[in-house]
Amino acid sequence: MSDDGFASVWDAIEDTPADAQTMKLRSALLMALDRHIGAKEWTQAEAAQRLGATEPRVVDLLRGRIDLFPLDDLVALLAAAGLHVELRVSDAA
């Protein structure tokens, strides 16, 4: 097995650098929301209520179903959870 030196799994599996960047952002937001729900010790039902989502949607989130959550949905869920999202743009390395 060769080591192609990918910076992340998304770089390795996505078709384009833009797709990899999008998935990195989605992943970071999804994980932040998952950590927040865990830290608050919300049940799935309570998380659904607080986030303005359905319980099946929260289950998908907690199971890491990243394919079901576009960036704008994740930002909206984070805002509903009382979290602030910031974006930093830098030159590609």
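User: At what angle do helix α3 (residues 44-51) and helix α4 (residues 55-62) pack, and how far apart are their axes?

Analyst: An axis is a line fitted to C-alpha atoms over the stretch in contact, and the angle, from 0 to 180 degrees, is taken between N-to-C directions. In this predicted model, where local features need pLDDT of at least 70, side-chain atom pairs need 80 or more and totals for chains, interfaces and linings use all residues, helix α3 and helix α4 pack at about 105°, with their axes 8 Å apart. The two helices are therefore roughly perpendicular to each other, a label that covers 65 to 115 degrees.

User: Which residues of α3 meet which residues of α4?

Analyst: A contact means heavy atoms within 4.5 Å. On the α3 side the residues are Gln-44, Ala-45, Ala-47, Ala-48 and Leu-51, and on the α4 side they meet Glu-55, Val-58, Val-59 and Leu-62. Residues are numbered from 1 along each chain as its sequence is written, and side-chain values use heavy atoms, with hydrogens and water left out.

User: How many helices and how many strands does the chain have?

Analyst: Helices (H or I, at least four residues) and strands (E, at least two) are DSSP runs numbered from the N terminus. The chain has five helices and zero strands, so that reading along the sequence gives the pattern α-α-α-α-α.

User: Is Phe-69 buried or exposed, and which residues does it touch beyond its neighbours in sequence?

Analyst: Buried means under 20% relative accessible area, so Phe-69, at 0% relative accessibility, counts as buried; of the 93 residues of the chain, 26% count as buried. Phe-69 is found in the loop between α4 and α5. Leaving aside neighbours within four places in sequence, Phe-69 is in contact with Arg-26, Leu-30, Arg-57, Asp-60, Leu-61, Leu-74 and Leu-77. Take Arg-26 as one case: Phe-69 and Arg-26 are 43 residues apart in sequence, yet 7.5 Å apart in space, C-alpha to C-alpha.

User: What volume does the largest pocket have, and which residues line the second largest pocket?

Analyst: A pocket is an open set of points with protein on both sides within 12 Å along at least five of seven lines. The largest pocket has a volume of about 250 Å³, and it is lined by Gln-21, Leu-25, Leu-87, Arg-88, Val-89, Ser-90, Asp-91 and Ala-92. The second largest pocket holds about 190 Å³ of space, and Leu-25, Ala-28, Leu-29, Leu-71, Val-75, Val-85, Glu-86, Leu-87 and Arg-88 line it. In the second largest pocket, α2 (17-40) and α5 (71-80) each supply at least two lining residues, and the largest share, three residues, comes from α2.

Notes. Parallel < 35°, antiparallel > 145°, perpendicular 65-115°, else oblique. 1 Å grid on protein atoms, 1.4 Å probe; cavity = no way out; pocket = protein on both sides within 12 Å on 5 of 7 lines; lining within 4 Å. Points joined across faces, edges and corners; volume = space filled by probe spheres on them. Buried < 20%, exposed > 50% of the residue type's maximum accessible area, 1.4 Å probe, protein only.
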